[in-house]
Amino acid sequence: MIYSLKLQTAFVLVGILLVLGSGLALFKPVAMQGWLRSFPRSKKWGLTLVSVAAVWFFFLVGKMDLGEFTSWRQVVLIATPIAWLLTWKYVDEFLAVRALGMVVLLAAEPLLEAAFLRPEVTRLFLVALVYVVLGFAMFWVGTPYTLRDQITWLTSAQKRWQAVAVAGLAYGVLLLGLTATLSS
């Protein structure tokens with residue numbers, strides 16, 4: 001195991017993230033919708049998230065067992081900052097979306113690892129959410145305009161916006177509540 005994240009901690013982290021994000025969406029809808037609409041083409045967010053992804057990947061490659069590709073470790077460690085620099089310089093189109101997808105793909109591993117081989121059925125609430133978000137993240141990396149289209153769809157109807165925000169808030173509260181059912 002690469003990460004030592006406990007399942008309870010994973011539930012709490014994801015639950016708090018959902019509650020905070022959904023709470024902001026409910027109580028500050030105009031600000032959140034404006035920010036979301038500007039996110040896909042934001043150079044600041046693109047650079048920030050691609051930097052987070054590059055650093056995370058660099059340390060992950062340095063730490064993990066690469067199996068039959070262990071002899072490639074040095075090459076990948078040298079290529080990572082070069083790829084970061086080239087991505088930052090030449091990938092202008094939807095860099096924030098692509099980088100968000102990369103960070104989500106990297107963040108899924110510790111969450112799924114925390115739930116791996118755990119006997120509690122409640123772990124599936126976290127696992128199902130992670131796999132749904134992973135599905136979206138793969139599209140964000142490969143076809144980043146899909147996030148822009150998803151944001152446009154979500155923000156085009158106030159009832160839809162509120163329904164999604166309430167659902168996210170409820171799911172976050174559910175995850176936080178389920179921490180009591182998990183054994184240490």
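Author: Start with a cluster: ring pairs link Trp35, Phe39 and Trp45. Rings of Phe, Tyr and Trp (its six-membered ring) pair if their centres lie within 6.5 Å; planes under 30 degrees apart count as stacked, over 60 as edge-to-face and the rest as tilted. A word on the source: this is a predicted model, in which local features need pLDDT of at least 70 and side-chain atom pairs count only at pLDDT 80 or more, while totals for chains, interfaces and linings use all residues. Residues are numbered from 1 along each chain as its sequence is written, and side-chain values use heavy atoms, with hydrogens and water left out.

By the ring rule, the count comes to seven aromatic pairs. One of them joins tryptophan 35 and phenylalanine 39: the ring centres are 5.4 Å apart and the planes stand at 45°, so this pair is tilted. How accessible are the two residues? Here buried means under 20% relative accessible area, exposed over 50%, and partly exposed in between (1.4 Å probe, protein chains only). Tryptophan 35 has 32% relative accessibility, so it counts as partly exposed. Phenylalanine 39 is buried, because its relative accessible area is 6%.

Now compare another pair. The rings of tryptophan 84 and tryptophan 88 have centres 6.2 Å apart and planes at 5°, so they are stacked. Both residues belong to helix H4; they are four residues apart, so about one helical turn separates them. Helices (H or I, at least four residues) are DSSP runs, numbered from the N terminus. An α-helix has 3.6 residues a turn, so residues three or four places apart point the same way. Tryptophan 84 is partly exposed, with a relative accessible area of 28%. Tryptophan 88 is partly exposed too, at 41%.

Next comes a ring with a charge. The charged end of arginine 41 sits over the ring of phenylalanine 94, 4.3 Å from its centre. The rule: NZ of Lys or CZ of Arg must be within 6 Å of the ring centre and within 35 degrees of the ring normal. Phenylalanine 94 lies in the loop between helix H4 (73-90) and H5. Its phi is positive, about 55°, although phenylalanine 94 is not a glycine. With 5% relative accessibility, phenylalanine 94 counts as buried.

Leucine 117 counts as exposed, because its relative accessibility is 71%.

Note on methods: Helix = DSSP H or I, 4+ residues; strand = E, 2+ residues; numbered from the N terminus.
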